[in-house]
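Let's take a walk through a protein together, starting with the whole chain and then moving to a few of its residues. Please have a look at the sequence and the model first.

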Amino acid sequence: MKIRTNLWSGILFLMLGVAALVVIPTQIPAGKNAYGPRLFPYIVSGIMIVSSLGLLAGELGRKKTRGGRAFEGEKALKDGNTPEDLTVLDAFELKRVGLMFLMMTAYIFLIEPLGFVISSLLFVWGILIFFKSKRWSYYAVCGGLVVLIYYGFRIFLKVYLP
């Protein structure tokens with residue numbers, strides 16, 4: 001499968017930026033002054049939309065060249081030339097992406113019943129096992145960071161994580 005990464009990234013983040021602009025008024029209460037709690041999300045959404053429009057304009061506006069000739073889709077790929085912005089995914093990589101998605105979904109559902117520390121430890125250690133990490137120091141550092149994040153939120157920010 002061939003994916004034009006710049007084109008699809010631009011489309012995806014344009015949709016996310018517009019969706020954020022629609023959702024912000026329903027999810028974040030208005031403040032009493034001009035600089036209310038909606039300001040920062042609006043700024044981030046605007047930057048996301050402008051950046052994705054720039055990415056789309058650059059992708060759609062430029063002529064694809066490779067080796068002195070125009071890129072004409074499948075014709076250029078028959079010679080073994082793959083443009084830099086075209087990513088080829090095989091079935092194995094798609095299965096890995098699907099498994100990572102399932103792991104993240106499981107993390108979301110486990111965080112409430114198991115709590116932040118246990119579910120996060122299971123998630124980060126699962127990721128390390130998934131990428132076949134054999135160094136025990138990676139597991140220790142990730143475990144320490146989970147505990148550090150938990151106590152940082154709990155003590156310094158006074159935010160109670162599940």
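The paragraphs below go from the overall layout to a core, some aromatic rings and a surface patch.

This is a predicted model, in which local features need pLDDT of at least 70 and side-chain atom pairs count only at pLDDT 80 or more, while totals for chains, interfaces and linings use all residues. Residues are numbered from 1 along each chain as its sequence is written, and side-chain values use heavy atoms, with hydrogens and water left out.

Let's begin with the layout. The protein has six helices and four strands; these are DSSP runs numbered from the N terminus, with helices being H or I of at least four residues and strands E of at least two. Read from the N terminus, the order is β-α-α-β-β-α-β-α-α-α. Contact here means heavy atoms within 4.5 Å. Of the contacts with a separation of 6 or more, 53% are between residues 24 or more positions apart.

What share of the 162 residues is buried? Buried residues make up 22% of them, where buried means under 20% relative accessible area, exposed over 50%, and partly exposed in between (1.4 Å probe, protein chains only).

Now go inside. The largest nonpolar core consists of five residues, Ile111, Phe116, Leu121, Val146 and Tyr150. Such a core is a set of buried Ala, Val, Leu, Ile, Met, Phe, Trp, Tyr and Cys residues joined through side-chain atoms within 4.5 Å. Helices α5 (116-130) and α6 each supply at least two residues of this core. Leaving aside residues up to four places away in sequence, Leu121 touches Gly143 and Val146.

Some rings come next. Rings of Phe, Tyr and Trp (its six-membered ring) pair if their centres lie within 6.5 Å; planes under 30 degrees apart count as stacked, over 60 as edge-to-face and the rest as tilted. By this rule there are four aromatic pairs. The ring centres of Tyr150 and Tyr151 are 5.2 Å apart and their planes are at 80 degrees, so this pair is edge-to-face. Tyr150 counts as buried because its relative accessibility is 14%, whereas Tyr151, at 45%, counts as partly exposed. Together with Phe116, these two tyrosines form one aromatic cluster.

Leu145 is found in helix α6 (residues 136-156). With a relative accessible area of 45%, Leu145 is partly exposed.
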